[in-house]
Amino acid sequence: MTHPTVRRPHHAAHPARSAPAPAPAQAMALYEQIKDHISRKIQEGVWRAGDRLPSENDLVTQFGVSRMTVNRALRELVEQGRIVRVAGVGSFVAEDKPQSTLLQIANLATEIRQRGHDYRCDLLSVERISASLEVAAALDLRTGESVFHSLCIHREDGLPVQLEDRYVHPGQVPQFAQQDFSQQQPSEYLVRNVPFDQIEHVVDAVMPTPEQAALLEMNVAEPCLLLTRRTWSRGVPITVVRCLHPASRYRLGSRFRTDGNPVQG
């Protein structure tokens with residue numbers, strides 16, 4: 001009995017080729033090398049806050065790259081908050097951004113003075129207005145009901161770092177509009193005089209309106225951090241406040257223990 005012939009695929013005489021090995025990882029891009037060089041100088045304290053960096057021409061010569069490459073490195077360092085660029089003047093090491101807590105109601109005046117800087121609060125308005133739909137919902141009121149509204153600018157060494165836009169439940173704080181806020185800012189007055197047992201913090205990245213940008217003395221194209229805070233006493237809202245910070249001047253964060261209590265110092 002004959003058996004059927006099984007034809008097998010023909011193999012070339014030379015050994016089978018494996019898939020080509022991936023090319024070795026490309027060396028750090030040129031603009032990344034420039035960023036790394038500048039970042040290390042800042043980290044090591046060679047260049048300190050306010051120091052002027054080498055000019056673009058100097059960096060072009062030092063690294064043997066194009067002006068476009070240097071410009072990209074500097075632009076990304078600006079976006080990361082490491083440096084600031086002043087048109088027609090040059091690039092400078094950025095000041096460290098102050099950090100404010102998220103777990104507590106921070107006393108901004110105290111934080112700024114503890115850094116050895118000057119603090120000032122410019123009170124722009126305190127008035128009684130009709131609650132919008134959004135404000136009424138936040139304070140558990142009916143749309144159009146009367147609420148207190150205050151607006152102020154907080155400054156560090158004369159530079160605006162926060163626009164505080166606050167609404168206060170008149171039933172919870174009936175004397176709010178009668179206070180002398182030249183002696184203590186609205187937040188400080190509320191913390192000291194109105195007991196609260198719940199706090200809500202929500203942080204968003206937003207673009208300022210032209211009016212907000214003007215008050216904060218910033219470019220309307222620069223982003224901001226918006227901290228929205230609500231406080232309650234026995235389930236009844238006390239206040240809702242929107243604290244708008246230029247992102248290039250401020251940051252928000254916290255350090256806390258596993259029991260939820262913040263770490264001091």
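With which side chain does the side chain of Glu56 make a polar contact? The partner is the side chain of Arg85, at 2.4 Å; a polar contact is a pair of N or O atoms within 3.5 Å, where within protein one must be able to donate a hydrogen and the other to accept it, and residues adjacent in sequence count only if both atoms are side-chain atoms. This is a predicted model, in which local features need pLDDT of at least 70 and side-chain atom pairs count only at pLDDT 80 or more, while totals for chains, interfaces and linings use all residues. Residues are numbered from 1 along each chain as its sequence is written, and side-chain values use heavy atoms, leaving out hydrogens and water.

Glu56 is found in helix H2; helices (H or I, at least four residues) and strands (E, at least two) are DSSP runs numbered from the N terminus. With 18% relative accessibility, Glu56 counts as buried, a word that means under 20% relative accessible area, with exposed over 50% and partly exposed in between (1.4 Å probe, protein chains only). Not counting residues up to four places away in sequence, Glu56 touches Arg67, Val70, Asn71, Leu74 and Arg85, contact meaning heavy atoms within 4.5 Å.

Val70 and Leu74 are also among the buried residues of helix H3, together with Thr69, Ala73, Glu76 and Leu77. Seen down the axis of H3, these fall within an arc of 160°, so they line one face of the helix; the arc is that of the directions from the helix axis to the C-beta atoms. They pack against helices H1 (30-43) and H2 (56-63) and strands E1 (83-86) and E2 (90-93). On the other side of H3, Met68 and Glu79 are exposed.
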